[in-house]
Amino acid sequence: MNTITKEISQAIARLREAAPLVHNITNYVTVNDCANALLAIGASPIMADDPAESGDITAISSALVLNIGTLNRHTIDSMIAAGKRANECGVPVVFDPVGAGASRLRNDTVKEILELVKIAVLRGNISEVSFVAGLDATTKGVDASAADGRRDAVSVAGLVAEKLGCTVAITGAVDVISDGKRVVKIHNGHPMLSKVTGTGCMTTALVGAYAGANRDAFVAAAAGVASMGIAGEIAYKKAGQVGTGSFHIAILDELSQLDFAVMEARLKLDEA
Amino acid sequence: MNTITKEISQAIARLREAAPLVHNITNYVTVNDCANALLAIGASPIMADDPAESGDITAISSALVLNIGTLNRHTIDSMIAAGKRANECGVPVVFDPVGAGASRLRNDTVKEILELVKIAVLRGNISEVSFVAGLDATTKGVDASAADGRRDAVSVAGLVAEKLGCTVAITGAVDVISDGKRVVKIHNGHPMLSKVTGTGCMTTALVGAYAGANRDAFVAAAAGVASMGIAGEIAYKKAGQVGTGSFHIAILDELSQLDFAVMEARLKLDEA
Amino acid sequence: MNTITKEISQAIARLREAAPLVHNITNYVTVNDCANALLAIGASPIMADDPAESGDITAISSALVLNIGTLNRHTIDSMIAAGKRANECGVPVVFDPVGAGASRLRNDTVKEILELVKIAVLRGNISEVSFVAGLDATTKGVDASAADGRRDAVSVAGLVAEKLGCTVAITGAVDVISDGKRVVKIHNGHPMLSKVTGTGCMTTALVGAYAGANRDAFVAAAAGVASMGIAGEIAYKKAGQVGTGSFHIAILDELSQLDFAVMEARLKLDEA
């Protein structure tokens, strides 16, 4: 077992012991799944998106997750207030630029957040991440465009990580995590994960949970991404043939069963 | 197999091939189910309800679904902005007047939307549809009143379709779809569908998915309603005795398994 | 079978017969589960949180449930408008002060609601209830702090019930319900209930359902708390080993199967 595999597998043990409180300002489509994914992995979720309290809640939390899936001015202000407070308090910020590129509001918001908040981990598909960093990309709604070309994910992740000075996690058929120095590719997961809404949002929430219990953001990002991939592939074996509803529930089941041994045995990772 | 049965069954094949992006401005109670129902049937969901982006998102979508289940001024403005843009772009608008009749806000909103937006399909229970068209009705919250008298659904649907110049889908023990010229009754479904929140909202979302991939709004409405009915009756056989939680998940499972063959074999339809 | 056990068991029969409409102004994290829990237990849910309609909806409802899980100024105004209207119309108000103590906004809101609205039942964990009543407590997000000391729940419940003049339900390893005169402890439930988001919110919604169909708020509170405990312990036997996703669904299944016989046979209650 190589070092990074060991570190990722140990990260879940630390997470389950620490039970970090994770503050989420996220969309109302998948928020219930994010809360249940956080509980399943051993964290404690709190959702609070009013500017009058978002900073207070961040201050008592171990990580902050920002997700722009369903934006409005109200939540944008909350995200910025919470993000600034997180930076002051040393709370890691995980950012999911859902649908970046799809509307001017989303694009402006991404720009505003990146200018005002120092983020620890950026998690998105390749078109979203490319857009965030000002690389050329088009977005069809909130799904990855087939035309994005997975072969470039390693170079995109590295480029964006250096540009933003953070860890970047690009999820897709193969997931790529880079902090500009270290890079790993993760080969877990299953295509059916794209047939359940919120698997991306849950992945970002999981990264937040790991970041709240582990100092190394690169390890946290890899562990979060790997957790969803491993849970997804076990879930597919158990429920994939039944349909997307049962598969959805099985993902949460498997997240709640994940531990050091499962992670260590199943992680398919290579250092790019 | 009659013509309309064939057309409805073919509609799902076209939908799964086209994978239309469906923009939903909907309530926060059942939004996750709507997103998962859309994915299950082969569409791609996007939810965006800020007036600053709702038009932009509609412009890149193949259908727009408006659902007034949890209204506020903010989402009303978004619905109107998106609806107008949809009309400009030729994007079909599907409207679900949840709880019409239950409050002045809902009634005023229905009026405002109908004045400013040309809709392709109206989907509701008989009291909601009657209220929308100014026919006499009382609404007990968001459920169909038992006193509504199912026997009139055909005449109500036809009347409202002519008045509004759109397709009308009235769902109930027997579903009725009319565009003022054509009328079908669909006898699929199961009473337990009323024991899971969101089955109406999901039906409307499915109609949006079909409308995004099929030009004939009447066929799209019938196909959306039939999909929920068929998924519901199979789900009941598999999980109805277990309880409403498992039945809920089974509905999504069966939606994800629907195809031409299942639709063709199970559709119980007569032309009224 | 003692009197209170009989009254609680009879309460579900009355609820299923009355099918009360329950108006919920609640958080967007667990709102779908609350709606499904209400349907499962035999009530009819309606969610409406705009100040322009919240009073109207309350006026046609049999109970009002206020839950501050995800607050904003908009929903605070709605809660107060609906609460006042409920008091005018004799509609019982059930209040869930989620995360009270965690931010100034929540604390101010709790104070504002208690000043302006007469509540029938207060349902929370011991730290939330203690905080609401001005007793010393600290809150770690929305979960009960382990340091709270369950042994004091009986005295806290009695104290707060007298202070606020309402029924108080403190849920935890052992649940305590008090109206200042009567006190019961309920020993149903399972620790895994804390691993699914919304089991507290659903319990509060269930109390609302019972309060909408039963005049005695003390009995309604005990029946709502007992329903979740009993459903949870049966669900654990069926699905607890599978994981938290399946357990979640099983809770809803068991709520939908609850009846007089199950309640009577399983209720573990003692009068403190």
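Predicted model: local features only at pLDDT ≥ 70, side-chain atom pairs only at ≥ 80, totals over all residues.
Biologist: What makes the relation of chain C to chain A that of a three-fold axis?

Modeller: A rotation of 120 degrees superposes chain C on chain A, with 0.0 Å of shift along the axis and an RMSD of 0.0 Å. That is how a three-fold axis relates copies. Residues are numbered from 1 along each chain as its sequence is written, chains are lettered from A and ligands numbered from 1 in the order in which they are written, and side-chain values use heavy atoms, without hydrogens and water.

Biologist: Which rotation superposes chain C on chain B, and which residue of chain C has the C-alpha nearest the axis?

Modeller: The rotation is 120 degrees, the shift along its axis 0.0 Å and the RMSD 0.0 Å. The C-alpha of C:Tyr28 is nearest the axis, 3.7 Å from it.

Biologist: How do you know that the copies in chains C and B meet through different surfaces?

Modeller: Only 7% of the interface residues of chain C are also interface residues in chain B, so different surfaces are used.

Biologist: Why are α2(A) and α8(A) called oblique to each other?

Modeller: The axes of helix α2 (residues 31-41) and helix α8 (residues 199-213) of chain A cross at roughly 40 degrees and come within 9 Å. Angles run from 0 to 180 degrees between N-to-C directions, and the axes are lines fitted to C-alpha atoms, for helices over the stretch in contact. Under 35 degrees would count as roughly parallel, over 145 as roughly antiparallel, and 65 to 115 as roughly perpendicular; the rest is oblique. The two helices therefore fall in the oblique class.

Biologist: Which residues make that contact, and what classes do they belong to?

Modeller: Contact means heavy atoms within 4.5 Å. Among the residues involved are A:Cys34, A:Ala37 and A:Leu38 of α2(A), and A:Met202, A:Ala205 and A:Leu206 of α8(A). The contact has 10 nonpolar, no polar and 1 charged residues. Ala, Val, Leu, Ile, Met, Phe, Trp, Tyr, Cys and Pro count as nonpolar, Asp, Glu, Lys and Arg as charged, and the others, Gly among them, as polar.

Biologist: At what angle does α8(A) run to β4(A)?

Modeller: It is about 170 degrees, and α8(A) lies across β1, β3, β4 (93-96) and β5 (121-124) of chain A.

Biologist: What makes β2 and β9 of chain A edge strands?

Modeller: The open sheet of chain A has 9 strands in the order β2-β1-β3-β4-β5-β6-β7-β8-β9, with mixed pairing. Strands β2 (44-47) and β9 (269-271) of chain A each pair on one side only. Strands (E, at least two residues) and helices (H or I, at least four) are DSSP runs, numbered from the N terminus.

Biologist: How do you know that β1 and β3 of chain A pair?

Modeller: Pairing needs at least two DSSP bridges between two strands. Strand β1 (residues 21-25) and strand β3 (residues 63-67) of chain A are joined by 4 bridges and run parallel, so they pair. A:Asn24 stands opposite A:Val65 in β3(A).

Biologist: How many bridges join β3 to β4 in chain C?

Modeller: There are 4, and these strands run parallel. C:Val65 has C:Val94 in β4(C) as its bridge partner.

Definitions and conventions:
Least-squares fit on C-alpha atoms with pLDDT ≥ 70 in both.
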